[in-house]
Amino acid sequence: MIKKIQLFIGRILAFWALLVFASTMFIFIWFYLPCFFLAEPNKTRWHRLISRMWMGLFLTLAGCRFSVTGKHYFDGLEPAIVICNHNSLIDVPVSTPFLPRANKTIAKKSFIYVPIFGWVYQFGSVIVDRKDNQSRRASFEEMKRVLGKGLDMLIYPEGTRNKTSAPLKSFYDGAFKLAIDTQKPIVPVVLLNTKKILPAYPTMSFRPGKIQMDILAPISTEGHTVESLKKLAFDTMAAHYLKYNPA
């Protein structure tokens, strides 16, 4: 009985969060219009500024708090490849705006077909069709250009949401190949508590709470292969998640 009540409340809160997300999007949509005219990197910087204000309002109205630790690791750091764990649908809209510097994220092509949100999202993303080898190659080159313009590149190396009980899913090679090719540092980022706030199961359930973004020390590519860099990043993030993930 208690579980049924909790599920009922969770679905009401999920409906409220969805309503808040959609209604605030219609408020902020107009402020994204300069993105049609701005050149990079100013386009991405403007996109992040507006997204930060939008997500700040959304999280407040949805009953969530957000905190960031480790921002000092970006002080004086060259453009970097940021890697982040992925537990929830809420990870993507909150991670890009609240990182200390302007960044683009890698995004599935299917996202751009979401009405209104799709074109807002693609302004801050490198779009890839994972089923198309040519698209994957083109997106890899585009990510290099993003770094070359002084922006960070945000990648979720697990690929999709982690719906398991393990702290992380296995990592794909892409982020680490990019780091080795460009000789740019990897910055691990761990999001905590998003799996509880907006879980994959049960569907349409929301639980207000605190989201914490922990930025960890950058990892140099010096002396690393793709495999050794991937393993070090995985072990570092998994250990941090297990140590600090709220009970």
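How many nonpolar, polar and charged residues are in the lining of the largest pocket? The lining divides into 30 nonpolar, eight polar and seven charged residues, where Ala, Val, Leu, Ile, Met, Phe, Trp, Tyr, Cys and Pro count as nonpolar, Asp, Glu, Lys and Arg as charged, and the others, Gly among them, as polar.

This is a predicted model, in which local features need pLDDT of at least 70, side-chain atom pairs count only at pLDDT 80 or more, and totals for chains, interfaces and linings use all residues. Residues are numbered from 1 along each chain as its sequence is written, and side-chain values use heavy atoms, with hydrogens and water left out.

**Largest pocket.** Select His86, Val92, Lys108, Phe111 and Gly159, the closest to the centre among the 45 lining residues. The volume is about 1,400 Å³. On a 1 Å grid over the protein atoms alone, a pocket is an open set of points with protein on both sides within 12 Å along at least five of seven lines, a cavity is a set where a 1.4 Å probe fits but cannot get out, and lining residues have an atom within 4 Å of a point. Points are joined across faces, edges and corners, and a volume is the space filled by probe spheres set on them. H1 gives the largest share of this lining, five residues; helices (H or I, at least four residues) and strands (E, at least two) are DSSP runs, numbered from the N terminus.

Now show His47, Ser51, Val92, Pro93 and Tyr121, the closest to the centre of the largest cavity among its 15 lining residues. About 150 Å³ of space lies there. The lining has nine nonpolar, six polar and no charged residues.

**Aromatic cluster.** Finally, select Phe21, Tyr32, Trp54 and Phe58, which form one aromatic cluster; rings of Phe, Tyr and Trp (its six-membered ring) pair if their centres lie within 6.5 Å, with planes under 30 degrees apart stacked, over 60 edge-to-face and the rest tilted. The Phe21 and Phe58 ring centres are 5.5 Å apart with planes at 90°, so this pair is edge-to-face. Phe21 lies in helix H1 (residues 2-28) and Phe58 in helix H2, so the pair ties together parts 37 residues apart in sequence. Phe58 is buried at 5% relative accessible area (buried is under 20%, exposed over 50%, partly exposed in between, with a 1.4 Å probe and protein chains only).
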